[in-house]
Amino acid sequence: MTTAFDPVELSGTQLANRIAMAPMTRSRAYGDGLTVTESTVEYYSQRASAGLIVTEGIQPSVLGQGYPNTPGLHTDEQVAAWRKVTDAVHAKGGKIFAQIMHAGRIGHPVLWPDQELVSVAPSAVAPAGQLYTHEGPKDFIAPRELGADEIPAIIGEFVEAARNAVAAGFDGVELHGANGYLIHQFLAPNTNLRTDEWGGSVENRIRFAVEVTKAVAEAIGPERTGLRVSPGNAYNDIAETDTEAVYSALINEIEPLGIGYLHIVEMVPGYREVTLELREKFSGTLILNPATEGPTDHAALGLIEDGTADILAFGALFLANPDLPVRLKSEGPYNTPDTASFFGGDDKGYIDYPALSAN
């Protein structure tokens, strides 16, 4: 029987185990350059016992930024800073993918150097609610609808960020197609009101996700390319009405590309049937960030044993437990995540969680 502690090959890359660190926004890239710091190097290297680390979302451009103090991967300075992270993780035998995240309509001009800029999206539909910024909560502003002639350049931003990731020493990239950000905005009918080839029908709404994935796979290799999706997820004011049709069509188009993995985040309990359907359609490695009623812990490891997933991704539990694979194997004990320090701040709640041997 396969267990979470067995090694697995990810498109030619050998992983020590089947436990992944899920991407988590930490908002600790300070300064005008939005570069990661020595504390970030320590944060990721502490967690190098994961079979695979997927970083926090990294914006591929200035307008791709959606939250304060999130890191970029579009300048030489940012590439050099990330190189310190990948070197440290590799020195401990770990593997690390960069998550490329364009926030689309989730953002605000106060985040950007030029506050005359306006966020871009498939359609000019503002999300409900507010965004936390350096200046406090701000109402979301309606984005500017991308012209059809602008979309290839946006795809190009993902490609350039992927190339920069390879230059920074990452083992690959994960394209963030979940949680209401730009790729997801093209997929969802309430955020994509277009009537051209990029909107309307299911076939047209999946086109952006397919073309981004295809372009990145061609640029850096399909084995270095992963895609994250979150079927049925209403986060960031997303309303899906044809979830199964959209994601089935998307995987049918992605499958022939031979990408390294598909990462499904089940933020919505009750969507396991969709996960299993996509599992049947996708022949590559499936990473699952499962939905649970409470904290995700060793009880979830059975999803590896029964074949539901090839790799399990853990979020807040990995944030609070840098040696999570060891703790899962011993069935705890677990440090409790400090939610007050999730986003921004200093090293408290970032690199000061003790390892099991230190408890």
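I started at Val173 and looked up its bridge partner in β11: Thr225. The two strands, β10 (residues 172-176) and β11 (residues 225-229), pair in the parallel sense over 4 bridges. For my own record, strands are DSSP runs of E, at least two residues, helices are H or I runs of at least four, and both are numbered from the N terminus. I count two strands as paired if DSSP finds at least two bridges between them.

A note on the source: this is a predicted model, where local features need pLDDT of at least 70, side-chain atom pairs count only at pLDDT 80 or more, and totals for chains, interfaces and linings use all residues. Residues are numbered from 1 along each chain as its sequence is written, and side-chain values use heavy atoms, with hydrogens and water left out.

Next I went across to β5. Val173 in β10 is also the bridge partner of Ala98, and 4 bridges join the parallel strands β5 and β10. Over on β4 (residues 52-58), I found another parallel pairing with β5, again 4 bridges, with Ile53 opposite Ile96. I traced β4, helix α2 (residues 76-91) and β5 as a right-handed β-α-β unit (strands pointing away from the viewer, the path from the first strand over the helix to the second runs clockwise).

Then burial: is β5 open or enclosed? It is largely enclosed by the rest of the structure, because 5 of the 5 residues in 96-100 are buried (under 20% relative accessible area, 1.4 Å probe, protein chains only). I checked both faces: Ile96, Ala98 and Ile100 cover one side, Phe97 and Gln99 the other, all buried.

Last, I followed the closed barrel of 8 strands, β3-β4-β5-β10-β11-β12-β13-β14, with parallel pairing.

Definitions and conventions
Buried < 20%, exposed > 50% of the residue type's maximum accessible area, 1.4 Å probe, protein only.
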